[in-house]
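Please open the structure in a viewer and keep a selection tool at hand.

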Amino acid sequence: MIRRDFLRGGAALALSALAVRPALSAVPTPFTFDMAPPMTDGKAFVDWMAKQRGEDPAYLLKRWQRYEVLVANKDVRDDRNKRAFLLTPRERFVTRPNLPRAYDNAFLDIGYGVTISGPHLVGRMTTTIDVQQGHKVLEVGTGSGYQSAYLSHLTDQVHTIEIIKPLAERTRGVYDQLISEGYNEFKAISTKNADGYYGWEEAGPFDRIIVTCGIDHVPPPLLKQLKPDGIMVIPVGPPGAQHVLKVTKTQGADGQFTVARSDIYNGRVVPFVPFTKLEGDVIKGTHNGG
Ligand SMILES: C[S@@+](CC[C@H](N)C(=O)[O-])C[C@H]1O[C@@H](n2cnc3c(N)ncnc32)[C@H](O)[C@@H]1O
């Protein structure tokens, strides 16, 4: 049964456009950080996940096939990220028309003029920030909710901000639906509808920050809310032609901060949706130019 009682009007309608399906049963085995799906044998993985997590073997097979390419491509490199990818049901975060393409190597439309990032990009950006269990992580650009769902398999403190109000409400509804089915790991995700340029000061500082919309500079409030020795990954560059940067902040013995940047794709341009700006209640333009 799809729970809609917690949603009002527009958000309930928007949710119906998603690939939300009635749960066949509650998730048989709740998530724990020592949960260990098979990671070297596709059939063992599909069988294990169908039994432990109650997911559809057809999607599990596609998830496995995409996983093999991600590993070969070195987009996911450590066991924690491999496991996080394998445990995240991407098919629950795409829109119904895109269900057949849920595991394609592509970004997909999710409505409101924005997209769910492709699985290779999500894997590489998340692997770059090296999230450890217990880390406090901020995501700017919740979108479909897939990125934060993946993060919740790495740490139990995930904060995510989305600027488009009906999208933020719809994605909150997706998490609530999945939690009601037994995906207890998604309880770790705190959501907020706001302009993420200013971060989430009350929840910070953060060990890790991941930005999923493109901008021409690193927002100073985000850098401020990053802890010493923290890592941020952010697409920086002109509209539609960003470079995905790893930004590290270190504090010297003299108390001074040093910021280092490197391009996680060695110069390759990766286009992102724009880092937009909220003026009052209205989204108007972008934060490019400061
Ligand atoms: C590539 S999309 C979503 C990717 C997302 N992480 C996912 O897994 O689906 C980027 C998102 O950033 C959001 N966004 C753009 N500017 C923003 C801002 N100033 N604050 C918060 N979110 C913003 C967009 O509305 C969009 O949903």
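A residue is called buried if 20 or more other C-beta atoms lie within 10 Å of its own, exposed if 12 or fewer, and partly exposed in between, with C-beta atoms placed from the backbone. The model is predicted, and local features need pLDDT of at least 70, side-chain atom pairs count only at pLDDT 80 or more, while totals for chains, interfaces and linings use all residues. Residues are numbered from 1 along each chain as its sequence is written. Helices (H or I, at least four residues) and strands (E, at least two) are DSSP runs, numbered from the N terminus.

**First stop: Gly-113**

Select Gly-113, which lies in the loop between β1 (108-111) and β2. Is Gly-113 buried or exposed? Gly-113 counts as exposed because it has 11 C-beta neighbours inside 10 Å.

Two packed helices are described by the angle between their axes and the distance between the axes. Here, axes are lines fitted to C-alpha atoms, for helices over the stretch in contact, and angles run from 0 to 180 degrees between N-to-C directions.

Select helix α2 (residues 42-53) together with α3; their axes come within 9 Å and cross at roughly 140 degrees. The two helices are therefore oblique to each other. In this scheme, angles under 35 degrees count as roughly parallel, over 145 as roughly antiparallel, 65 to 115 as roughly perpendicular and the rest as oblique. The crossing of α2 and α3 is right-handed; a crossing is left-handed if the near helix is turned anticlockwise from the far one by less than a right angle, and right-handed if clockwise.

Next, show the residues that meet: Gly-42, Phe-45, Val-46, Met-49 and Ala-50 from α2, and Pro-57, Leu-60, Leu-61 and Trp-64 from α3. Two residues are in contact if their C-beta atoms, placed from the backbone, lie within 7 Å. By class, this contact of α2 with α3 has eight nonpolar residues, one polar and no charged. Ala, Val, Leu, Ile, Met, Phe, Trp, Tyr, Cys and Pro count as nonpolar, Asp, Glu, Lys and Arg as charged, and the others, Gly among them, as polar.

On the α3 side, select Arg-63, Tyr-67, Leu-70 and Val-71; they meet Lys-82, Phe-85 and Leu-86 in α4. The residues of this contact divide into five nonpolar, no polar and two charged.

Select helix α5 (residues 119-129). How many of its eleven residues are buried? Ten are, and the helix is mostly covered. The buried residues include Leu-121, Val-122, Met-125 and Ile-129. Among the elements that cover them are α3, α4, α6 (146-151), β6 (206-211), β7 (226-236) and β8 (243-251). Just after α5, Asp-130 takes a positive phi of about 50 degrees.

Select the ligand and its surroundings. It is surrounded by 24 residues, of which the closest are Gly-141, Gly-143, Ser-144, Gln-147 and Gly-196; a residue is near a molecule if its C-beta atom, placed from the backbone, lies within 6 Å of it. At least two residues of the shell come from each of β2 (114-116), α6 and β4 (157-162), and β2 gives the largest share, three residues. The shell divides into 13 nonpolar, nine polar and two charged residues.

Pro-205 is found in the loop between β5 (189-193) and β6. The peptide bond from Gly-204 to Pro-205 is cis, with omega near -5 degrees.

Move to Met-232 in strand β7. Met-232 is buried, with 26 other C-beta atoms within 10 Å. Leaving aside neighbours within four places in sequence, Met-232 is in contact with Ile-209, Leu-222, Leu-226 and Val-247.

Asp-229 also lies in strand β7. Asp-229 is exposed, with 10 other C-beta atoms within 10 Å, and its phi is near 70 degrees, a positive value in a residue other than glycine.
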